[in-house]
Amino acid sequence: MSWLDASFTVFGEHVLWTDLIGNALSLAVVWLAMRKTIWTWPVQLTGALLLLAASLHADVPGNALKQVLFCGLALYGWHRWTRGRSDGEGLVVRQGTARERIVLVAVLLVGTAVVAQLFAHLPWLEIAWSPWANAYIFVGSAVATFAQSRALVDFWVVWVLVDLVGVPLALQSGLYVSGAVYGIFFVMVMAGLRNWLRESREARGPRTTPKDKAVTA
């Protein structure tokens with residue numbers, strides 16, 4: 001048995017180590033994003049790779065596809081934040097412009113509609129239960145990660161909107177551990193939103209310095 005198949009049993013449930021560690025790293029990413037550290041992205045990439053392995057092992061192609069997307073977004077975010085730090089001024093945390101917010105909302109709505117149809121009609125991607133809710137979480141997670149790569153405070157808001165669907169969906173599906181993880185995620189996201197929102201406001205003030213704006217190592 002390879003390390004990708006390594007697992008243990010809790011209360012009669014089969015738990016893959018790749019799934020457990022991948023989800024733990026997903027929570028770590030939220031904490032790292034709150035601190036604006038560049039380590040946010042390699043940790044997110046590692047978590048996505050582990051969850052990709054777990055999804056392939058469990059034969060869940062929809063979730064596997066999401067993790068492939070997250071790997072690409074993590075690499076993009078890593079590049080963006082690294083380039084921001086090398087500019088000298090650092091990556092500025094800011095609120096999205098009206099145009100950026102319209103684009104994010106449009107992608108969320110249109111993307112959800114398209115992905116829901118794929119989940120409902122493509123045999124290899126078919127999700128029999130709640131294809132629309134799953135599509136919303138899929139697209140919303142991608143939109144939030146992209147906005148995060150641009151250092152937009154709005155990415156926390158998108159995560160809040162995703163959690164408002166993710167928590168009840170997980171509980172309704174009997175996935176109580178996932179529901180609990182989403183609940184912890186929600187609390188951390190609210191704290192991150194408060195911190196980034198405060199910093200974005202301070203960044204517009206007269207006392208802001210390049211050091212205050214920079215992404216930390």
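This is a guided tour of the structure, stop by stop, with what to select and what is found there.

**The whole chain**

The model is a predicted one, in which local features are described at pLDDT of at least 70 and side-chain atom pairs only at pLDDT 80 or more, while totals for chains, interfaces and linings use all residues. Residues are numbered from 1 along each chain as its sequence is written, and side-chain values use heavy atoms, with hydrogens and water left out.

Begin with the protein chain in cartoon view, where eight helices and two strands can be picked out; helices here are DSSP runs of H or I with at least four residues, strands are runs of E with at least two, and both are numbered from the N terminus. Along the sequence the order is β-β-α-α-α-α-α-α-α-α.

The mean for the protein chain is 81, with 79% of its residues at 70 or more.

Of the 217 residues in the chain, 43% are buried, where buried means under 20% relative accessible area, exposed over 50%, and partly exposed in between (1.4 Å probe, protein chains only). Of the contacts (heavy atoms within 4.5 Å) with a separation of 6 or more, 68% join residues 24 or more positions apart.

**The aromatic cluster**

Next, select Trp41, Trp81, Phe155, Trp156 and Trp196, which ring pairs link into a cluster. Eight aromatic pairs are found in the whole structure; rings of Phe, Tyr and Trp (its six-membered ring) pair if their centres lie within 6.5 Å, and planes under 30 degrees apart count as stacked, over 60 as edge-to-face and the rest as tilted.

Zoom in on tryptophan 41 and tryptophan 81, whose ring centres are 5.5 Å apart and whose planes stand at 85°, so this pair is edge-to-face. Because tryptophan 41 belongs to helix H2 (residues 40–57) and tryptophan 81 to helix H3 (residues 61–86), the pair ties together parts that are 40 residues apart in sequence. Both of these tryptophans are buried.

From tryptophan 81, move on to tryptophan 196: here the ring centres are 6.4 Å apart and the planes at 35°, so the pair is tilted. Since tryptophan 196 sits in helix H7 (residues 176–203) and tryptophan 81 in H3, this pair ties together parts 115 residues apart in sequence. Tryptophan 196 is buried, at a relative accessible area of 1%, and tryptophan 81 is buried at 1% as well.

Now select helix H6 (residues 154–172), whose 19 residues should span 27 Å and whose end C-alpha atoms are 28 Å apart, in agreement; the expected span is 1.5 Å times one less than the number of residues. At aspartate 163, H6 bends by about 25°, the bend being the angle between axes fitted to the seven residues ending there and the seven starting there. The buried residues of H6 include Phe155, Trp156, Trp159, Asp163 and Leu169.

For H4, the 24 residues reach 35 Å from first to last C-alpha, close to the expected 34 Å. Its buried residues are Leu104, Leu108, Gly111, Thr112, Val115, Ala116 and Phe119.

In helix H2, select glutamine 44, which is buried with a relative accessible area of 11%. Not counting residues up to four places away in sequence, glutamine 44 touches Val29, Ala74, Thr145 and Gln148.

Proline 61, in helix H3, is partly exposed at 29% relative accessible area. Leaving aside neighbours within four places in sequence, proline 61 contacts Trp124 and Leu125; the C-alpha atoms of proline 61 and leucine 125 are 6.0 Å apart, although the two are 64 residues apart in sequence.

Finish in the loops. Most residues other than glycine have a negative phi. Lysine 36, in the loop between helix H1 (17–35) and H2, has a positive phi near 60° and is buried at 5% relative accessible area. Alanine 151, in the loop between helix H5 (131–149) and H6, also has a positive phi near 60°, and alanine 151 is buried at 1%.

Methods: pLDDT = per-residue confidence, 0-100.
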